[in-house]
Amino acid sequence: VQLVESGGGLVQPGGSLRLSCAASGSIVSISAMAWYRQAPGEERELVAITSAGSSNYAGSVKGRFTISRDNANNAVYLQMNSLKPEDTAAYYCNAAVRVATIEGTRQFQYWGQGTQVTVSS
């Protein structure tokens with residue numbers, strides 16, 4: 001299973017970006033999908049997560065970021081509005097993916113390679 005992100009870049013404060021992440025491979029099903037971020041010298045933190053039709057956000061992004069999902073295409077998106085310099089980080093897609101094994105099915109956590117978001121004037 002692979003997660004491939006896209007959509008990062010350089011944007012001015014107050015601007016918007018939309019991140020995309022698509023999962024591919026031998027996927028039986030995907031439960032939760034999420035976005036994390038990690039700034040230099042900081043720990044990776046959860047930004048937003050969607051599962052079973054509900055979503056939750058970190059307090060720092062609530063009202064500015066929106067996570068959405070395309071189940072048919074195993075994709076998740078993060079619409080980021082009103083971006084601030086403190087949003088600058090590498091953003092990572094994460095998915096809880098059920099795959100087929102010789103014993104049946106099993107769930108694993110997968111990560112994308114990360115996409116850089118830089119908010120600066």
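**Close-up views of a predicted model**

**View 1. Strands S7 and S8, side by side.** Ile67 stands opposite Leu78 in S8. Like every view here, this one comes from a predicted model. The two strands, S7 and S8, run antiparallel and are joined by six bridges.

**View 2. The open sheet around S7 and S8.** Stepping back, we find four strands forming an open sheet, and their order is S1-S3-S8-S7 with antiparallel pairing. Strand S1 (2-6) and S7 take the edges; each has a single partner strand, so one side of each lacks a neighbour in the sheet. From one strand to the next, the twist averages 15 degrees.

**View 3. The largest nonpolar core.** Which members touch the most others in this core of 27 residues? They are Trp35, Val47, Phe65, Leu78, Met80 and Tyr91. Several strands each supply at least two residues of the core, among them S3 (17-24), S4 (29-38), S5 (45-51) and S11 (115-119). S7 (65-70), S8 (75-80) and S9 (89-101) are also on that list. The largest share, six residues, comes from S9.

**View 4. Met80 and its contacts.** Here we look at one of the core residues with the most contacts to other members, Met80. Leaving aside residues up to four places away in sequence, Met80 touches Gly15, Ser16, Leu17 and Leu19, and its contacts also include Arg64, Phe65, Tyr91 and Val117. Of these, Phe65 and Tyr91 are named with Met80 among the core residues that touch the most other members.

**View 5. Strand S9 and its partners.** S9 pairs with S4 in the antiparallel sense over eight bridges, and one place to look is Ile30, whose bridge partner in S9 is Val97. With S11, S9 also runs antiparallel, this time joined by three bridges; Ala90 stands opposite Gln116 in S11.

**View 6. The S9-S10 hairpin.** S9 and S10 make a hairpin, with two residues between them. Strand S10 covers residues 104-111 and pairs with S9 in the antiparallel sense over eight bridges.

**View 7. Arg44 and two aromatic rings.** The charged end of Arg44 sits over the ring of Tyr92, at 3.8 Å from the ring centre. The charged end of Arg44 also sits over the ring of Trp111, and here the distance to the centre is 4.7 Å.

Definitions and conventions:
Residues numbered from 1 in each chain as written. Predicted model: local features only at pLDDT ≥ 70, side-chain atom pairs only at ≥ 80, totals over all residues. Heavy atoms only, no water. Lys NZ or Arg CZ within 6 Å of the ring centre and 35° of its normal. Core = buried A, V, L, I, M, F, W, Y, C linked by side-chain atoms within 4.5 Å. Buried < 20%, exposed > 50% of the residue type's maximum accessible area, 1.4 Å probe, protein only. Contact = heavy atoms within 4.5 Å. Pairing = 2+ DSSP bridges. Axes fitted to C-alpha atoms, helices over the stretch in contact; angles between N-to-C directions.
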